[in-house]
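Thanks, everyone. Let me put the model up, and we will walk through a few spots.

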Amino acid sequence: MSLPQRMRAVEISQPGGPEVLRLVEVAVPKPGPGQILIEVAYAGVNRPDALQRAGAYAPPPSASPLPGLEAAGRVAALGPGVSGWAVGDAVTALLPGGGYADYAVTPAAHALPVPKGMGLREAACLPETCFTVWSNVVMRGGLKAGERFLVHGGSSGIGTTAIQIAGALGARVFATASSAEKCAACEALGAERAINYRTEDFAAVLSAEGGADVILDMVGGDYIARNLKALAEDGRLVQIAFLQGPKAEINFAPLMTRRQTITGSTLRPQSDLAKARIAEALMAHVWPMIEGGRLAPVMDSEFPLEEAAEAHRRLESSAHIGKIVLTLR
């Protein structure tokens, strides 16, 4: 494959709103040892991208300063020591950054084959959500068949993925969302009960069911104490973001007497080895769900690369249901 020297990319000109995203021309990156270069066809748009744009989520020192944490396309070049991939292979991958560009590099161990029967557009929506959901709900939260699972933001990319994975594992699934339309979308994906948090108390609903065994939360703030009320004995609260802030006042006495656990993680700062192990787990457990028709990304909208600012406005409006992508090919 003949590679160009320059490529289109979207950079963050300065911290701020969506308007600070601008289309530029930069050098095509070269894959280092253990890395592959991907010719990007589609790039996923995620909350961490918006946080980075706002100056609240700095990339790791070794990562590209360009936004974009997932993409799908074709392998364009192999770095030294890479095996198992060939130039031209269809690939979807978790990226350390740089997805909003014609080409992006990532460790080969963080890349996965495009599932059979799936296009690149849908495949670009898999890595960030699948890595996040599986590592937190299953590896960290220990969700098992028959347990009750609650995910907040059920109509988001994370939420729609979590509903389907938890359902495929045999859990009883509950979700919160902000409207009747979004609640209906959650139930169509397999949620037993979707709770409109504007009109209902999710803690009361879950308590009436016996409590949640696992809760996946990205809201934080006053939800943290409410989540603990919604948990069953031996329940696990897994925190992955703080849309309402990272601080809360909590009475730890009930947590102790009911043997509850609070845990959480962020994906991007984890080591390459940790992410490679998650990728192995996805290939073993989640890719069969996808190829068996039990899991598929919910698509909201797509925007051309030069309209990345509009994609961020759509994301931050919270009007979307499912995933937003940028198209590059």
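S83 counts as exposed, because its relative accessibility is 63%. Exposed means over 50% relative accessible area, buried under 20%, and partly exposed in between, with a 1.4 Å probe and protein chains only. S83 sits in the loop between β4 (70-78) and β5 (90-94). Helices (H or I, at least four residues) and strands (E, at least two) are DSSP runs, numbered from the N terminus. From S83 to G157 is 74 residues in sequence and 31 Å in space, C-alpha to C-alpha.

A word on the source. This is a predicted model, where local features need pLDDT of at least 70, side-chain atom pairs count only at pLDDT 80 or more, and totals for chains, interfaces and linings use all residues. Residues are numbered from 1 along each chain as its sequence is written, and side-chain values use heavy atoms, with hydrogens and water left out.

Now the sheet. What is the order of the six strands? The open sheet runs β10-β9-β8-β11-β12-β13, with parallel pairing. Two strands pair if DSSP finds at least two bridges between them. At the edges stand β10 (193-196) and β13 (261-264); each has a single partner strand, so one side of each lacks a neighbour in the sheet. From one strand to the next, the twist averages 20°. β12 (residues 231-239) and β13 run parallel, joined by four bridges. In β13, T261 stands opposite R236.

Next, helices on strands. Helix α4 (residues 157-168) lies across β8 (148-151), β9 (172-177) and β11 (212-217), at about 170° to β8. Contact here means heavy atoms within 4.5 Å. Axes are lines fitted to C-alpha atoms, for helices over the stretch in contact, and angles run from 0 to 180 degrees between N-to-C directions. Helix α7 lies across β11, β12 and β13, at about 150° to β12.

On to the rings. How many aromatic pairs does the structure hold? One. The ring centres of F202 and Y223 are 5.1 Å apart and the planes are at 40°, so this pair is tilted. Rings of Phe, Tyr and Trp (its six-membered ring) pair with centres within 6.5 Å; planes under 30 degrees apart are stacked, over 60 edge-to-face, the rest tilted. F202 is in helix α6 (residues 202-208) and Y223 in helix α7 (residues 223-230), so the pair ties together parts 21 residues apart in sequence. F202 and Y223 are both buried.

Last, charges. R268 lies over the face of Y57, 5.8 Å from the ring centre. The test is NZ of Lys or CZ of Arg within 6 Å of the ring centre and within 35 degrees of the ring normal.
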